[in-house]
Amino acid sequence: MKTSHGTLENEIMNAIWSLEENSEDVDSLNISVGDVVEYINSNFTAKAYTTVKTVMDRLVDKEYLERIKIGKKFYYTSTSSRSESAQTAIKKLARQYFNNDMHSLLKALEKECLKN
């Protein structure tokens, strides 16, 4: 699984995770492109259905999403939770910029938090 993605990919993943987290029945969770478009357009800036679908299909290729077909419609689910993805990103950040030293990363985060 690749560990980087763009701004719209982030919006889509956050929409998927939010829709999954707010679902009452995880076993029958069916998130369509239309659901994601509706969520994004109510929370961010308006995006076209075709644009969101294209990016979601790319997220399937990158293994961030799984796509299943039920009848004539496709539904999507995330392959990892928001917290699992965050842990992967934190580890990548530590590896790339802090020579795998989590303490140095924590110090940098603490310093940044103190600025704000």
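This is a predicted model: local features need pLDDT of at least 70, side-chain atom pairs count only at pLDDT 80 or more; totals for chains, interfaces and linings use all residues.

Trainee: OK. How many helices and strands does the chain have?
Mentor: Five helices and two strands. Helices (H or I, at least four residues) and strands (E, at least two) are DSSP runs, numbered from the N terminus.

Trainee: And what pattern does the chain follow along the sequence?
Mentor: It reads α-α-α-β-β-α-α.

Trainee: How much of the chain is buried?
Mentor: Buried residues are 28% of the 116 in the chain. Buried means under 20% relative accessible area, exposed over 50%, and partly exposed in between (1.4 Å probe, protein chains only).

Trainee: Switching topic. At what angle do α1 and α3 pack?
Mentor: About 85°, with the axes 10 Å apart. Helix α1 covers residues 7–21, and helix α3 covers 49–61. Axes are lines fitted to C-alpha atoms, for helices over the stretch in contact, and angles run from 0 to 180 degrees between N-to-C directions.

Trainee: Parallel or perpendicular, roughly?
Mentor: α1 and α3 are roughly perpendicular to each other. That word covers angles of 65 to 115 degrees; under 35 is roughly parallel, over 145 roughly antiparallel, and the rest oblique.

Trainee: Which residues make the contact?
Mentor: From α1, Leu8, Glu9, Ile12, Met13 and Ile16. From α3, Thr51, Val52, Val55, Met56 and Leu59. Contact means heavy atoms within 4.5 Å.

Trainee: Now Ser32. Where is that?
Mentor: Ser32 sits in the loop between α1 and α2, and α2 spans 33–43.

Trainee: Is Ser32 buried or exposed?
Mentor: Buried, with a relative accessible area of 5%. Setting aside neighbours within four places in sequence, Ser32 is in contact with Lys73, Phe74 and Tyr75.

Trainee: Last one, Thr77. Which strand is that in?
Mentor: Thr77 lies in β2, residues 73–78. Thr77 is partly exposed, at 22% relative accessible area.

Trainee: What is Thr77 in contact with?
Mentor: Leaving out neighbours within four places in sequence, Thr77 is in contact with Glu20, Leu29, Tyr64, Leu65 and Glu66. The C-alpha atoms of Thr77 and Tyr64 are separated by 8.6 Å, and the two residues are 13 apart along the chain.

Key: Residues are numbered from 1 along each chain as its sequence is written. Side-chain values use heavy atoms; hydrogens and water are left out.
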